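Take a walk through this structure, one stop at a time. Keep the model in view as you read.

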Amino acid sequence: MAGKKPSSSLTYSISTGPMKPKRSLGSVMDLHQVYQRWRGVPYRFGGVDAQGIDCSAFTRTMYQEVFGMDLPRSTYEQVNLGREIGKNELQPGDLVFFRIGNGTQHNGIYVGDGKFAHASSSVGVTISRLDNVYWRSRYWQARRLLDDI
């Protein structure tokens, strides 16, 4: 064995691209737990904390707390993330976007069973149904930011 270098069957891979967390059962449960901590916080345009929060700050906070991902601050930037998916493809953790009128956009996070968590201007942080007459008529698109399991 003299002169022979030790060899290993282990190989390493280094990725230079951003790592995208995978969706997992644990992270879906975490969505509901983090939502519970924010539930009822009043809506405040430009707000980013428990004194008041707006929709894009809420989705940004949820992604940071649940998935450890940093999202841009505004809905206008978040709508360009990930890839667009059909409404019938929605999975917990996907972002959903709405056109409210006068160029205003709104977003939230799909939590399953046809529901999404968001910071509503009328009731604060809440969960609403996508098939609610108000949201159904304003639905725009959904974006997938997380890799599938």
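Helices and strands here are DSSP runs, numbered from the N terminus; a helix has at least four residues and a strand at least two. The model is a predicted one.

Begin with the overall layout. The chain has 4 helices and 8 strands. Read from the N terminus, the order of elements is α-β-β-α-α-β-β-β-β-β-α-β. The chain holds 149 residues, and 41% of them are buried.

Now go to helix 2. Helix 2 covers residues 55-67. Does its length fit its residue count, or what span should its 13 residues have? At 1.5 Å a residue, helix 2 should span 18 Å.

Is helix 2 largely enclosed or largely open? Of its 13 residues, 10 are buried, so helix 2 is largely enclosed by the rest of the structure. The buried residues are Cys-55, Ser-56, Ala-57, Phe-58, Thr-59, Thr-61, Met-62, Tyr-63, Val-66 and Phe-67. After the helix comes Gly-68. The phi of Gly-68 is positive, near 70°.

Aromatic rings come next. The whole structure contains 7 aromatic pairs. One of them joins Tyr-63 and Phe-67.

A second pair has another geometry. Tyr-134 and Trp-135 form an edge-to-face pair. Their centres lie 4.8 Å apart, with 90° between the planes. How exposed is each partner? Tyr-134 has a relative accessible area of 33%, so it is partly exposed. Trp-135 has 10%, so it is buried. The cut-off for buried is under 20%.

This pair belongs to a wider group. Phe-98, Phe-116, Tyr-134, Trp-135 and Tyr-139 form one aromatic cluster.

Helix 4 covers residues 133-138. Arg-138 is in helix 4. Along the chain, Arg-138 and Phe-98 are 40 residues apart, yet their C-alpha atoms are separated by 5.2 Å. Arg-138 is partly exposed, with a relative accessible area of 26%. Ser-137 is also found in helix 4. Ser-137 and Phe-98 are 39 residues apart along the chain, and 8.9 Å separates their C-alpha atoms. Ser-137 counts as exposed, because its relative accessibility is 54% and the cut-off is over 50%.

Another contrast between sequence and space involves Leu-146. This residue is found in the segment after strand 8, which covers 139-144. Leu-146 and Gln-91 are 55 residues apart in sequence. From C-alpha to C-alpha, they are 9.7 Å apart in space. Leu-146 is buried, with a relative accessible area of 2%.

Next, find the largest pocket. Its volume is about 380 Å³. How many residues line the largest pocket? There are 24, and Tyr-43, Cys-55, Thr-104, Gln-105 and His-106 lie nearest its centre. Several elements give two or more residues to the lining: helix 2, helix 3 (75-78), strand 5 (104-112), strand 6 (115-120), strand 7 (124-129) and helix 4. By class, the lining has 9 nonpolar, 13 polar and 2 charged residues.

Finish in two loops. Asn-102 lies in the loop between strand 4 (95-101) and strand 5. Its phi is positive, about 55°, although Asn-102 is not a glycine. Asn-102 is exposed, with a relative accessible area of 85%. Asp-113 lies in the loop between strand 5 and strand 6. The phi of Asp-113 is near 55°, again a positive value in a residue other than glycine. Asp-113 is exposed as well, at a relative accessible area of 68%.

Conventions:
Residues numbered from 1 in each chain as written. Predicted model: local features only at pLDDT ≥ 70, side-chain atom pairs only at ≥ 80, totals over all residues. Heavy atoms only, no water. Phe/Tyr/Trp six-rings, centres within 6.5 Å; stacked < 30°, edge-to-face > 60°. Buried < 20%, exposed > 50% of the residue type's maximum accessible area, 1.4 Å probe, protein only. 1 Å grid on protein atoms, 1.4 Å probe; cavity = no way out; pocket = protein on both sides within 12 Å on 5 of 7 lines; lining within 4 Å. Points joined across faces, edges and corners; volume = space filled by probe spheres on them. Nonpolar A, V, L, I, M, F, W, Y, C, P; charged D, E, K, R; others polar. Expected span 1.5 Å × (residues − 1).
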